[in-house]
Amino acid sequence: LCTVRCAAMGRAGAARAARFYKKDFLEIRGISDNATNMTRESFKQQIPQALLGVYQILKIIVSQQKTTQ
């Protein structure tokens, strides 16, 4: 896995609300296409790989939380 930091403006409001209420917030997104003229066709093909990436990240987070408790 590589470390990538991105800004997802779609959830900015949720993140701000979580911060206001002193709650944790995490958004994990899977990249499902490469934003080209083939996006519509590649979307369905890329979903399994995108979901696998999300699963792997969640698995790491859960395992790290288990070791810190």
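**A loop residue and its surroundings**

Student: Where is K22 found?
Tutor: Keep in mind that we're looking at a predicted model. Helix α1 covers 12-20 and helix α2 covers 39-68. K22 is found in the loop between α1 and α2.

Student: What is the phi of K22?
Tutor: Here's the background: most residues other than glycine have a negative phi. K22 isn't a glycine, yet its phi is positive. The value is about 55°.

Student: Is K22 buried or exposed?
Tutor: The cut-off for exposed is over 50% relative accessible area. K22 has a relative accessible area of 75%, so K22 is exposed.

Student: How are the rings of F20 and Y21 arranged?
Tutor: The structure holds one aromatic pair. The rings of F20 and Y21 have their centres 4.9 Å apart, and their planes are at 90°. Planes over 60 degrees apart count as edge-to-face. So the F20 and Y21 pair is edge-to-face.

Student: And are F20 and Y21 buried or exposed?
Tutor: Use the cut-off of over 50% again. F20 has a relative accessible area of 61%, so F20 is exposed. Y21 has 58% relative accessibility, so Y21 also counts as exposed.

Student: What separates the C-alpha atoms of Q46 and G30?
Tutor: Along the chain, Q46 and G30 are 16 residues apart.

Technical notes. Residues numbered from 1 in each chain as written. Predicted model: local features only at pLDDT ≥ 70, side-chain atom pairs only at ≥ 80, totals over all residues. Heavy atoms only, no water. Phe/Tyr/Trp six-rings, centres within 6.5 Å; stacked < 30°, edge-to-face > 60°. Buried < 20%, exposed > 50% of the residue type's maximum accessible area, 1.4 Å probe, protein only. Helix = DSSP H or I, 4+ residues; strand = E, 2+ residues; numbered from the N terminus.
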